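Colleague: I have a model open and would like to learn how to read its features. Could you walk me through it?

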Amino acid sequence: YPAHRIRNFAIIAHIDHGKSTLSDRLLELTNTIQRHKPGDNNQVLDKLKVERERGITVKAQTVSMFYKHDGEEYLLNLIDTPGHVDFSWEVARSLGACEGALLLVDASQGVQAQSISVFHAAKDKKLKIIPVLNKIDLPAAEPERIATQIQAMFDLDPNDILNVSAKTGLGVRDVLHAIIDRVPPPNAGTNHDAPLKMLLFDSLYDRYRGVISLVSIKDGELRKGDKIASCHSRKKYEVMDLGIMHPEEVPTACLRPGQVGWIGACAATKKSGKETLIGDTFHRVGQPVEPLPGFQLAKPMVYAGVYPVDSNDFPKLEESIKRLTLTDRSVSVQRESSTALGQGCRLGFLGTLHMDVFRQRLEDEYDASVIITAPTVPYKLVYHDRTEFVSNPTDFPDINDPRVRLNEVQEPMVTASIIVPSDYLGEMMELCTSHRAQDIDYRYLDSEYQSSRIMLTCRLPLGEIMTDFFDKLKSRSSGFASFDYEDAGYQKSDLVKMTFLLNGRQVDALAFIVHRSAAENIGREWALKLRKVIPRQQFEVPIQAVVGKKVIARETISAVRKDVTAGMYGGHHERKMKKLAEQKEGKKRLKRIGSVDVPQEAFFEILSSN
Ligand code: GDP
Ligand code: MG
């Protein structure tokens, strides 16, 4: 395929606006997949179980289609991207392999928070943007009103907007034609003889075939057996296999400039997944090229400890985590251990949904059951002579101790934007204020219409939106609010470390960094939770929430003498022995914190109830 008959494009949208459904229709129209009954929810590109269950796209997918238009056959490469704010890193790097993007907006909901952020991501990459209004079959669709919104917010010509229903297929053919007519062909690759320049934009892990990399060829040609090298790590590989996704991997003889495809490569030295970095540029060995711009490592925003429910399963868990990070390079991994939970890993995620999805994938795809500690954002500690980042509460110093010589503690901030019908403005302001928001501001999105939407912006501490902020946002706006945020640097804050003592002994798995103003409430809440999940012992057990040296909350578990054979008459010797054996079995799973026995499940319960 000569470059002028290739189009690389992405579909970008707020979650639920219909990307996966539109992808299905495009694949059907091009006979890439079999046609389904109208309204059938096929969602070929949502391959993961977690994606099908939650109806969200987590992992960007790539697929090649062939389409005849005006007597010429075109190769159209579609990159389906996730919509949730946590996965914006995934979106940004997929866009690096495209020249155009369909900006899909739900014609009943209108422009939402992620519509704006994905629009800017595409604009930054200088992609040709084709606005598409979806779901025009809905009775609640207001195509004219939303068209005005799109024009005002994105400065796009309303005459360029396509109206479609991905569900019924209405107008979808026009989308294909618009892609061919409006998206420019890949321009880098007119010269087949130029030295190979290739972008690695994603990787997948296949149980049988190992790591498969998704690449976009910018210059030159790639064939089986080619020796290639990374600009970043300088590591060398041999291409064992290559082809296009159609929609599964189909081998081809070569990949040409402008094409997007997959390669199975074998490292010239020992095989290891960690070394190929997403966003890296590859060249032919001996023919170095200038690396492509925009290489950016993922920046984890949330850290948590991940432990096996049964400590004996650690080696298996670690292996599973390793495998899974091969398909999700945005997760950072470090070993850690805890007296309460044993050996585990400290993982860094892009957000809490990302963390949740990772946990579910560990369970679905690797059959692991895990305990995840409360998430922590990275804090910045400014000492008199140095700066340090802490992403584990265990490493957080006692700031009241003068020997520590800490000048200040800073926390990561975000600029948040919330789009919501104006009736909910008061509720949203209150929600933000209760999460320590600063500089709250708002403006109307479409003033000509009666029931108008507003966009509220403010600065929020990242740590404040890590737990139930999103749930509250949804429930207090009857599900109407959408939310997005971006990094806004660090800011000084009055943070303290809170720990819990069980009978005077610290439980290391339960430590939090909290704002001083919230410490008392959180201390009380968790002390109570602990009292409920820890079984009675043969002596009284005090539970204390401590900040510095001060106890800020206290609960007591009263004593009980647990005689499991009580109520059994003599002679039932066998039953009695069985009961005792059962109790012994149960003991194995107990963790000793000082003199207190805590079943592992108690940690599971308390940490997953959060
Ligand atoms: P994504 O999150 O952007 O991938 O959105 P999906 O493709 O998963 O669609 C979200 C929901 O909207 C699903 O329940 C779809 O069936 C529905 N949907 C998508 N397109 C249309 C459409 O054109 N009309 C109607 N009525 N529903 C649609
Ligand atoms: Mg989807």
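Modeller: Gladly! Let's start with a definition: two strands count as paired if DSSP finds at least two bridges between them. Keep in mind that this is a predicted model.

Colleague: Which strand does β2 join, and through how many bridges?

Modeller: Strands of a sheet pair through backbone hydrogen bonds, either parallel or antiparallel. Here β2 is joined to β3 (residues 72-80) by nine bridges, and the two run antiparallel. To see one such bridge, find Lys68, whose partner in β3 is Glu73.

Colleague: And what packs on the sheet there?

Modeller: Helix α5 (residues 143-154) does, touching β4 (100-106), β5 (128-134) and β6. The direction of α5 makes about 155° with that of β5. Another helix, α6 (residues 172-182), lies across β1 (6-13), β2, β3, β4, β5 and β6, and runs at about 90° to β2.

Colleague: In what order do the strands of this sheet come?

Modeller: The order is β2-β3-β1-β4-β5-β6, six strands in an open sheet with mixed pairing.

Colleague: Why is one side of β2 and of β6 left without a neighbour in the sheet?

Modeller: Both β2 (61-69) and β6 (162-163) stand at the edges and have a single partner strand each, so one side of each has no neighbour in the sheet.

Colleague: How does the sheet with β27 compare as a reading exercise? What is its strand order?

Modeller: It reads β27-β26-β28-β29, an open sheet of four strands whose pairing is antiparallel. At its edges are β27 (505-515) and β29 (550-557), each pairing on one side only. From one strand to the next, the twist averages 20°. Strand β28 (residues 541-547) pairs with β29 over seven bridges in the antiparallel sense. Within that pair, Ala545 has Ala553 of β29 as its bridge partner.

Colleague: Let's turn to the ligand. Which residues around ligand 1 come nearest?

Modeller: Asp16, Lys19, Ser20, Thr21 and Asp137 come nearest, out of 16 residues around ligand 1. Helix α1 (residues 19-29) supplies the largest share of this shell, three residues. Sorted by class, the shell has eight polar, five charged and three nonpolar residues.

Colleague: Finally, what should I look for in the backbone?

Modeller: Most residues other than glycine have a negative phi, and most peptide bonds are trans. Against that background, look at His246 and Pro247, which are joined by a cis peptide bond with omega about -15°. Pro247 sits in the loop between β11 (236-245) and β12 (249-251).

Colleague: And where does Lys126 lie?

Modeller: In the loop between α4 (113-124) and β5. The phi of Lys126 is near 60°, a positive value in a residue other than glycine.

Methods: Residues are numbered from 1 along each chain as its sequence is written. Chains are lettered from A and ligands numbered from 1 in the order in which they are written. This is a predicted model: local features need pLDDT of at least 70, side-chain atom pairs count only at pLDDT 80 or more; totals for chains, interfaces and linings use all residues. Side-chain values use heavy atoms; hydrogens and water are left out. Contact means heavy atoms within 4.5 Å. Axes are lines fitted to C-alpha atoms, for helices over the stretch in contact, and angles run from 0 to 180 degrees between N-to-C directions. A residue is near a molecule or strand if one of its heavy atoms lies within 4 Å of it. Ala, Val, Leu, Ile, Met, Phe, Trp, Tyr, Cys and Pro count as nonpolar, Asp, Glu, Lys and Arg as charged, and the others, Gly among them, as polar.
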